[in-house]
Amino acid sequence: MAKCPICKKNSTHADYRPFCSKRCSDVDLQRWLTGGYVLPGEPAEGGEDDPPGDGSER
């Protein structure tokens, strides 16, 4: 039986796999949405999170 990646309890509820409950599923989602998880790599140039200008254009 797989363990929940958030609380380490046994994952018994098939609706929330690999998590054990909706709460743990929501905790994981919140971590992704707030930047708690980051994929390794070089930052992308001109990504969505970059402001339109850095103020140096005149």
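## An exposed lysine

At 52% relative accessibility, Lys8 counts as exposed (over 50% relative accessible area; buried is under 20% and partly exposed lies in between, with a 1.4 Å probe and protein chains only as cover). Lys8 sits in the segment before α1, and its phi is positive, at about 70°, although Lys8 is not a glycine.

This is a predicted model, in which local features need pLDDT of at least 70 and side-chain atom pairs count only at pLDDT 80 or more, while totals for chains, interfaces and linings use all residues. Residues are numbered from 1 along each chain as its sequence is written, and side-chain values use heavy atoms, leaving out hydrogens and water.

## The chain as a whole

Of its 58 residues, 12% count as buried.

The chain exposes about 5,300 Å², and carbon and sulfur atoms supply 52% of that; the areas come from the Shrake-Rupley method with a 1.4 Å probe. Among contacts (heavy atoms within 4.5 Å) between residues at least 6 apart in sequence, 5% join residues at least 24 apart.

## Around the helix

Do look at Pro18, in the segment before α1 (22-33): a cis peptide bond joins Arg17 to Pro18, with omega about 10°.

Within helix α1 you will find Ser25, which counts as partly exposed at 23% relative accessibility. The C-alpha atoms of Ser25 and Pro5 are separated by 9.5 Å, with the two residues 20 apart along the chain.

Conventions: Helices (H or I, at least four residues) and strands (E, at least two) are DSSP runs, numbered from the N terminus.
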